[in-house]
Amino acid sequence: MESSVESEPDQDELSDNIVLTKESKHKPGIIYLSRVPTGYNVSQTTQFFSEFGRVGRVFLQPDKNDRKPGKFNKDRVFTEGWIEFKSKKIAKFVAESLNSNPVGGKRRSKAHDELWNIKYLPRFKWVHLSERLAYEAAVKQQRLRTEISQVKREAEHFKNSVERKKKKSKKEKPSIDTKKDEVVFQFKQRETEAQIKKRKRDENVFTVKDISEGETKIKKA
């Protein structure tokens, strides 16, 4: 009779399984940077914190007042950031050990003498950050729409006021023309030949009458 012998698993396979089960049990943890060191971008931040453990997602909030916005700007400024570690314990350890400590690095770097301001966020998930960013983007879009509609209303009001002034000026122009016509018709017309002869005859009559009256007055005197 052949005896069936079960093959025992290797020691290496057992250790690999234990590591996998431990990693699967690890919950991710997120730390918050209230201030990003000067000159740090996403790649440099990821590289720095990867020395403490496995880093998942990293998000740095760009400065709204940055004069050189753009995805490929090397001197881009960031105001705050969120870093996700694969292990919650590592995230806590990083926040406790680095908070209020100098950034360090090369002495020539601008961030050498700056201090880390890190806080561990308990019960905070990356979904919460995504929801917050989506909400801020929606608020920004709404604000832009409101500003655009306000500008359109002001432009429409200005356009209407200009048109009203043009119509008013057109209505006032005929009255000015009529006044000019009235002034023109007030001038005396040129006398005709018949009117001139009649005027001369009347003047001669008046002169003869005046002479005869003067003579009678002298005789009486």
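Me: Is Glu84 buried or exposed in this model?
Reply: Glu84 is buried, because its relative accessible area is 6%. Keep in mind that this is a predicted model.

Me: Which side chain does Glu84 meet in a salt bridge?
Reply: That of Arg57, at 3.0 Å from N to O. Arg57 is in strand β2 (residues 55-62) and Glu84 in strand β3 (residues 78-85), so the pair links distant parts of the chain, 27 residues apart.

Me: And Arg57, how accessible is that one?
Reply: Arg57 has 43% relative accessibility, so it counts as partly exposed.

Me: How many salt bridges does the structure hold?
Reply: Two. Besides the pair of Arg57 and Glu84, there is one between Glu114 and Arg35, with the closest N and O atoms 2.7 Å apart.

Me: What does the pair of Glu114 and Arg35 tie together?
Reply: Parts that are 79 residues apart in sequence, because Glu114 lies in the loop between α3 (88-98) and β4, while Arg35 lies in the loop between β1 (29-33) and α2. Glu114 counts as buried at 14% relative accessibility, and Arg35 as partly exposed at 41%.

Me: New topic. Where is Thr45 found?
Reply: In helix α2, residues 42-49. Thr45 counts as buried, because its relative accessibility is 2%.

Me: Which residues does Thr45 touch?
Reply: Leaving out residues up to four places away in sequence, Thr45 touches Leu33, Tyr40, Val58, Leu60 and Ile83.

Me: Now the surface. Which residues form the positive patch?
Reply: Lys27, Lys88, Lys89, Lys92 and Lys125.

Me: Where does Lys125 lie?
Reply: In the loop between β4 (118-121) and α4 (126-185). Lys125 counts as exposed, at 55% relative accessibility.

Terms used
Residues numbered from 1 in each chain as written. Predicted model: local features only at pLDDT ≥ 70, side-chain atom pairs only at ≥ 80, totals over all residues. Heavy atoms only, no water. Patch = residues over 30% accessible without salt bridge, like charges linked within 9 Å, V, L, I, M, F, W, Y side chains within 5 Å. Areas by Shrake-Rupley, 256 points an atom, 1.4 Å probe, with all protein chains shown as cover. Salt bridge = Lys/Arg side-chain N within 4 Å of Asp/Glu carboxyl O. Lys, Arg positive; Asp, Glu negative; His and termini not counted. Charge placed at Lys NZ, Arg CZ, Asp CG, Glu CD. Helix = DSSP H or I, 4+ residues; strand = E, 2+ residues; numbered from the N terminus. Buried < 20%, exposed > 50% of the residue type's maximum accessible area, 1.4 Å probe, protein only. Contact = heavy atoms within 4.5 Å.
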